[in-house]
Amino acid sequence: MSENSTRVCAVITEETIDAARAAIKRAAHVADMIEVRLDYLTDFDFKNLDALRALLQNSSLPAIITCRAISEGGRKKVDDDVRLRLLAEATRFAEYCDVEASHYEQFLRFSPDTSHLIVSYHDFSGTPANLDAIYDRVTSMPAAVHKIVTRAVNVTDSLASFKLLERARADKRKLIALAMGEAGLITRVLGSAYGSFLTYGSLGTGKESAPGQLSCDELANLYRVHRISRETSVTGIVGSPVAHSASPAMHNRAFAELDLDFVYLPFEVEDLRNFFDHFVRKDIREIGWNLSGLSVTIPHKREVVSLLDEINETARKTGAVNTIVRKDNRLIGYNTDVRGAMEPLERVLPLAGESCAVIGAGGAARAVIFGLIERDARVQVFARNPLRASEVTDSFGVKVSPFESLESSNAQIVINTTPIGMRGHSEGSSPVPRSALAGRAVAYDLVYNPLDTRFLIDARAAGCRTIDGLEMLVAQAALQFELWTGRKPPIDAMRKAAIEKIAERLPAEDKSNKRV
Ligand code: NAP
C-alpha cells in the first residue's frame with residue numbers, strides 16, 4: 001500500500017477466532033500491518049501457543065500481538081504471567097508483541113530479547129504536562145519500538161505528540177506517538193509524516209480499539225496518508241462542531257481527483273485565538289507544517305476577521321470570513337459564501353430587479369442578503385424575532401417583518417436561511433406553511449441535510465422551481481478549492497463526496513433531541 005514509509009496498522013478487535021481470521025484477511029486489502037488484540041477474543045486459549053499460530057497462519061501482513069492488561073484498557077482479564085508468556089512467545093510467528101511499560105520488568109522474566117518488543121504507555125484521560133519525563137522513562141526500557149498514547153481533550157493537546165516525534169527523530173528512535181479522541185485526529189493523519197512508526201486504523205465503524213480511531217479506509221482513501229509528507233499542503237475546517245462536516249469529504253476527494261499534494265482536516269476549535277497562536281501564526285506556532293489555507297465555520301466567521309493580515313472586499317462588507325488563504329506568510333480572508341449562495345440562483349434566473357424573501361437573519365442570511373443586494377435584487381427579510389434580526393437587516397438597509405407576513409408579500413424568490421427542516425434539528429418541519437409558497441417562481445433552501453426538506457417538498461407541490469442547499473455547499477467549497485490550489489475544481493466529484501457524507505447517519509439522530 002505504502003508510497004512512503006507510512007504504515008497503516010489495522011486493529012483486529014473481533015470476539016471470536018473465526019471472525020478474527022476473516023478480519024485479518026480483509027485487512028490485507030486496506031492496511032500495511034495488523035495488530036491482533038487477543039484480549040477482545042472470548043474463545044481463545046491463552047495457554048495454547050498453537051492457537052496463536054493457527055490464528056496467524058494465513059496472515060500476509062506483519063503482525064503485532066497485543067493482549068492488554070485491564071488496567072491499560074484491556075477487554076478480558078487474563079492472568080499477567082499467562083499473557084506475558086504468550087506475548088514473549090508470540091514473536092515466533094509475529095513481527096512484534098506490544099507490552100505495557102508498567103509490565104516491562106515482568107515481561108523480561110519470560111523473554112530477555114527485546115528486539116521485537118513494543119513498549120507502550122497510555123493515558124486515557126488526558127495529555128499529561130510531564131510527557132518529556134514519561135518519554136525519558138519509557139525509552140529507558142530497551143525495545144524495538146516505543147509507544148506513547150495520550151488523550152487529546154482539545155486540538156492543542158495534539159501538539160504534544162508531534163513534539164515527542166521530533167524528539168524521537170533527534171534520538172533516532174522508533175516511536176508511535178498519537179492522541180486519542182476526536183481532537184487528536186490530526187496526529188493519526190499527519191503523525192506518520194512526522195515520523196510515527198505507524199498509525200492505527202479500524203476495520204469499520206464499531207471496530208475501533210480507541211476513541212477517535214479512524215478506519216483504515218478513511219486513512220488510506222479519504223486522507224491519503226500514504227502520500228502525506230511534511231511538504232504536503234495542509235488545509236482544513238476550523239469550527240465547532242465540525243465532526244460531521246461534509247467539507248473534508250469534498251475537498252479531499254477533489255485533491256485526490258486532481259492528484260494534488262494537499263490534505264484537508266477537521267479542526268474542532270472553540271477558542272479560535274488559541275488555535276491561531278499554536279497552529280497558524282507563523283511567528284509563534286508550534287507545528288512546522290505547510291499550512292495553505294483554512295475554511296472557517298460556525299461560530300468563528302466574524303471573530304476571525306480580527307486575526308487576519310488582510311481581508312478582501314466581500315469579506316469586509318459582510319463582516320464575515322469563511323476562507324483563509326496563506327500567501328507569502330500573510331493570512332488573507334475571503335468570503336465564498338456570498339458567491340456560493342448566489343451562483344445556484346443565478347443559474348436559474350437573473351436576479352436584478354427580482355423581489356426576494358429571505359427567511360431568517362443569521363450568519364448565512366448575511367451572505368444571502370449581501371449577495372442579493374449586490375446583484376440589484378429587492379430584498380425583504382422575515383424573522384421570528386424582527387427586533388433581533390434588525391441588527392443584521394439595519395446594516396444592509398433592508399426591511400424586516402415577522403414570519404407570518406410572508407404570505408402577503410409578492411416575492412418571486414423565497415430563500416430559507418434558518419435551520420428549520422434540518423436533520424437533528426427539526427427534520428420534517430418547514431419555516432412557512434405551504435400556502436405561503438403558492439405563486440412563487442423559486443424556492444431555495446440552504447439546509448442540505450436532508451437534501452429534500454419539507455420546505456422544498458411543499459414548494460414543488462405549490463409549483464415552484466426548487467434549489468437545495470447542496471448547491472451552495474458545493475459552490476462555496478469549489479471557490480475555496482480554487483483559491484487554495486489555483487486549479488479548477490472537479491465539481492462533480494465534490495458533489496458526489498458531499499452526497500455520500502450527507503447520507504451517513506448522524507450518531508445522535510435516533511435520540512429524540514428534535515427541537516424547533
Ligand atoms: P445562525 O447564524 O444560527 O442563524 C439562524 C437563523 O435562523 C437566525 O435568524 C435564527 O433566528 C433563525 N432560526 C433558528 N431557529 C429558528 C426557529 N426554530 N424558528 C425560526 N427561526 C429560527 O445559523 P446559520 O449559520 O445562518 O445557518 C442557518 C442554516 O443554513 C443551517 O441549517 C445551515 O446548515 C445552513 N447553511 C447552509 C449552507 C450551505 O452551504 N448550504 C451554508 C451556511 C449555512 P434567531 O436569531 O431568532 O435565533
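A polar contact is taken here as a pair of N or O atoms within 3.5 Å; within protein, one atom must be able to donate a hydrogen and the other to accept it, and residues adjacent in sequence count only if both atoms are side-chain atoms. The model is predicted, so local features need pLDDT of at least 70 and side-chain atom pairs count only at pLDDT 80 or more, whereas totals for chains, interfaces and linings use all residues. Residues are numbered from 1 along each chain as its sequence is written, and side-chain values use heavy atoms, with hydrogens and water left out.

The protein chain contains 17 helices and 20 strands; helices (H or I, at least four residues) and strands (E, at least two) are DSSP runs, numbered from the N terminus. The C-alpha trace spans about 85 × 50 × 40 Å along its principal axes. Of the 516 residues in the chain, 57% are buried, where buried means under 20% relative accessible area, exposed over 50%, and partly exposed in between (1.4 Å probe, protein chains only). Among contacts (heavy atoms within 4.5 Å) with a separation of 6 or more, 67% join residues 24 or more positions apart. The chain exposes about 21800 Å², and carbon and sulfur atoms supply 47% of this area; accessible areas come from the Shrake-Rupley method with a 1.4 Å probe, and for residues only the protein chains shown count as cover.

The ligand is surrounded by 21 residues, and the closest are A361, G363, A364, R384 and R388; a residue belongs to these surroundings if one of its heavy atoms lies within 4 Å of the ligand. Two helices, α13 (363-374) and α16 (469-485), each supply at least two residues of this shell. The most is given by α16, with 3 residues. For A364, a polar backbone atom is 2.7 Å from an oxygen atom of the ligand, while a backbone N or O atom of G362 lies 3.2 Å from a ligand oxygen atom. A nitrogen atom of the ligand lies 2.9 Å from a backbone N or O atom of L446. Taken alone, the ligand exposes 910 Å², of which the protein buries 79%.

Y448 is placed in the loop between β19 (442-445) and α15 (454-461). With a relative accessible area of 31%, Y448 is partly exposed. Leaving aside residues up to four places away in sequence, Y448 touches G469, L470, L473 and I502. Y448 and S395 are 53 residues apart in sequence, and their C-alpha atoms are 27 Å apart in space.
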